[in-house]
2 protein chains.
Amino acid sequence: MKGETIETFLEKLRPVIDKKIEEWIPRKYDDRSMKFTLGEPRYENSVNSATKSISEPFWDFFDRGGKKWRPAFMILVAEALGKKRNDVLDFVIIPEVIHNGTLVVDDIEDGSDMRRGKPTLHKIFGMDIAINAGSSMYFLPLIVLIKNKEIPAEKLKKLYDVVVQEMINVSFGQALDILWHKGDDPDEINEEKYLQMCAYKTGALARMAAKIGAIIAGASEKDVEKIAEFAECIGVAFQIQDDILNIAAGKKWGKEFGEDIKEGKRTLLVIHTLQNADEREKKRLVEILNMHTGETKLLQEAIDIIKKYDSLEYAKNYARRLVEDSWRNVDKILPDTEAKKKLRMFANFAVEREF
Amino acid sequence: MKGETIETFLEKLRPVIDKKIEEWIPRKYDDRSMKFTLGEPRYENSVNSATKSISEPFWDFFDRGGKKWRPAFMILVAEALGKKRNDVLDFVIIPEVIHNGTLVVDDIEDGSDMRRGKPTLHKIFGMDIAINAGSSMYFLPLIVLIKNKEIPAEKLKKLYDVVVQEMINVSFGQALDILWHKGDDPDEINEEKYLQMCAYKTGALARMAAKIGAIIAGASEKDVEKIAEFAECIGVAFQIQDDILNIAAGKKWGKEFGEDIKEGKRTLLVIHTLQNADEREKKRLVEILNMHTGETKLLQEAIDIIKKYDSLEYAKNYARRLVEDSWRNVDKILPDTEAKKKLRMFANFAVEREF
């Protein structure tokens with residue numbers, strides 16, 4: 001484990017997480033697993049139809065992979081606070097499954113065609129099945145809270161509070177993101193408001209993962225909050241780095257070049273440019289964003305304006321500062337362990353990754 | 001209150017419920033209500049954008065009305081078990097807001113144009129805002145559980161368990177309903193499986209309402225389950241009566257005539273007909289269902305086949321027996337009160353209503 005990079009760490013963890021998800025959400029429903037998931041039926045369950053409409057879309061999406069950094073983060077938080085990996089392993093499915101649910105639904109909301117190298121779920125199963133499968137992922141993993149018999153009720157109640165609060169925040173973050181990239185409320189946005197939207201949209205699930213780990217490990221309310229803030233900042237930094245890669249990515253980057261410009265997103269890069277550009281270039285950038293165009297020449301023109309005002313460096317430095325500042329609070333409360341070292345590496349990973 | 005009909009009772013309750021919802025989910029967000037709902041922001045909240053993307057779609061939908069029978073049911077259960085209305089009033093928003101969220105999402109899944117006399121939410125706000133508003137309604141009302149300081153943690157944990165379990169069941173019910181009316185798995189369906197789908201899709205939210213009322217009132221686990229079963233049966237009976245009215249409605253019925261046939265739904269009426277009709281008529285009925293046609297002549301032909309085999313009477317009697325049977329268990333455990341009388345009337349209302 002010594003000297004391991006975050007990438008290797010994540011890679012080794014992935015099959016463990018996949019196995020755990022499969023324990024709770026089967027690839028094929030049968031009478032036993034349906035009864036376990038839904039309770040005693042009054043009439044008769046339809047195991048084949050449940051497999052077709054719930055398991056199949058679910059596993060079609062999950063088998064595509066993903067970084068799975070939220071489960072890893074939860075495990076590291078718990079380990080850094082003195083718990084064993086097995087003490088939190090059931091709970092890692094909560095932020096991971098919910099995260100995937102939000103991706104399924106995001107793809108429908110954005111009208112996206114591809115996700116992780118395959119057609120989006122609604123392209124394969126139809127919009128109706130896909131919306132329902134996506135939102136079922138918000139609740140299905142919470143079955144680990146219902147079924148848990150080891151953790152005291154008071155602590156389980158706290159875990160529920162965390163999940164619900166962060167889900168509310170995710171829905172607000174998503175609402176603002178949609179509204180803004182439709183260009184419906186352009187005067188609303190400034191740097192502080194954009195970062196708050198990211199904190200809700202991307203930070204909230206990271207907070208959820210960190211808080212679950214910390215609460216199960218028995219951290220004080222104050223320490224839980226410090227760790228949650230660090231996680232939120234990692235989430236926001238991830239988002240900022242995503243914004244940067246979207247414009248300046250190397251070969252490893254899997255998404256479409258300039259997609260954010262096409263979607264008209266007011267990212268930190270755009271906001272910084274609009275604050276600093278001269279009137280003519282400012283007007284032109286807004287014009288291109290509102291076109292929702294995929295034309296390379298226009299995308300490149302927008303990107304050139306953004307680069308001219310050093311917005312990439314600005315955003316990168318902002319993200320670096322963000323994780324450094326929030327790490328300081330966490331650094332003080334955690335004893336020196338291998339898990340702590342990895343959490344520290346996580347902060348770098350969020351900002352420095354090239355994919 | 002004596003001699004009051006269920007209709008009058010519901011009518012008087014509606015403004016009380018609306019006011020309660022407005023207390024928790026404001027028509028306009030401001031700094032105070034956003035902080036209350038989302039926690040302390042790290043950066044800066046966008047109150048206007050939150051109002052535009054969350055409150056406005058929410059209230060556009062809520063102001064359209066609806067029977068609001070689930071909150072009424074929760075109140076009656078609590079009262080019948082010796083609690084005051086005020087002891088559960090915060091919690092009635094849970095099943096009611098969630099129910100409305102499922103309608104918003106159902107309309108998108110079904111591609112419906114109208115709901116409660118107005119264009120569906122996605123027709124007004126766009127699919128992206130509408131999907132997000134709909135799913136935010138699954139979590140927003142649970143804030144009453146986070147904020148509650150009076151009920152012990154153990155009981156609140158039980159309430160969370162109930163909400164999550166029933167939401168899982170709703171998502172399975174919806175999944176089966178979608179799959180089946182697409183005609184994707186026609187051989188799967190029989191009467192017992194159809195009723196189980198209804199128990200999940202329509203019964204689960206009724207169960208949720210009843211269980212919350214009964215748990216807060218301190219009923220034993222056994223009694224909670226009996227009341228939940230009664231509620232589930234009322235939900236299923238409501239669905240059966242909906243199916244009947246869809247084909248045989250008088251003037252009071254607000255929905256489109258024969259819509260279920262158009263959507264290809266395998267309702268109890270259809271299943272009973274397919275079990276009893278001769279080969280030729282059976283084949284013809286399936287043919288029309290699979291056409292997804294709105295042509296009056298064809299709809300009428302399907303309805304004539306359904307009526308010929310007494311399927312309306314069969315379904316009506318089935319629904320009546322269902323609520324009668326489940327009432328007997330509840331009858332035994334509740335003392336004679338005005339609330340109990342109303343619960344009894346509810347059972348009739350579900351089956352005998354004409355709208």
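Mentor: Contact here means heavy atoms within 4.5 Å. Keep that in mind while reading this structure, which is a predicted model.

Trainee: Which residues does Ser49(A) touch, leaving out residues up to four places away in sequence?

Mentor: Ser49(A) touches Leu176(B), Leu179(B), Trp180(B), Asp185(B) and Glu188(B), with residues up to four places away in sequence not counted. Ser49(A) itself sits in helix H3 of chain A.

Trainee: Is Ser49(A) buried or exposed?

Mentor: A residue is called buried when its relative accessible area is under 20%. Ser49(A) has 0% relative accessibility, so Ser49(A) counts as buried.

Trainee: How many residues of each chain are in contact across the two chains?

Mentor: On chain B there are 71 residues in contact with chain A, and they meet 71 residues of chain A. The area buried between the two chains is about 6,600 Å². Carbon and sulfur atoms give 64% of that area. Three residues, Tyr43(B), Phe139(B) and Phe172(B), supply 13% of what chain B buries against chain A, more than any other three residues.

Trainee: How many salt bridges and polar contacts does the rule find across the interface of chain B and chain A?

Mentor: For salt bridges the rule finds four across this interface. One salt bridge joins the side chains of Lys182(B) and Asp128(A), at 3.0 Å from N to O.

Trainee: Which helix gives the largest share of the side of chain B that touches chain A?

Mentor: Helix H9 of chain B, residues 153-181, gives the largest share, with 19 residues. By type, the residues on that side of chain B divide into 38 nonpolar, 17 polar and 16 charged.

Trainee: Turning to the backbone, what is phi of Lys68(A), and where is Lys68(A) found?

Mentor: Phi of Lys68(A) is near 55 degrees, a positive value in a residue other than glycine. Lys68(A) is found in the loop between helix H3 (47-62) and helix H4 (69-80) of chain A. With a relative accessibility of 4%, Lys68(A) counts as buried.

Trainee: And what is phi of His292(B), and in which loop does His292(B) lie?

Mentor: His292(B) also has a positive phi, near 50 degrees, and is a residue other than glycine. The loop that holds His292(B) runs between helix H14 (279-291) and helix H15 (296-308) of chain B. The relative accessible area of His292(B) is 37%, so His292(B) is partly exposed.

Terms used: Residues numbered from 1 in each chain as written. Chains lettered and ligands numbered in written order. Predicted model: local features only at pLDDT ≥ 70, side-chain atom pairs only at ≥ 80, totals over all residues. Heavy atoms only, no water. Buried area = accessible area lost by both parts, 1.4 Å probe. Helix = DSSP H or I, 4+ residues; strand = E, 2+ residues; numbered from the N terminus. Nonpolar A, V, L, I, M, F, W, Y, C, P; charged D, E, K, R; others polar. Buried < 20%, exposed > 50% of the residue type's maximum accessible area, 1.4 Å probe, protein only.
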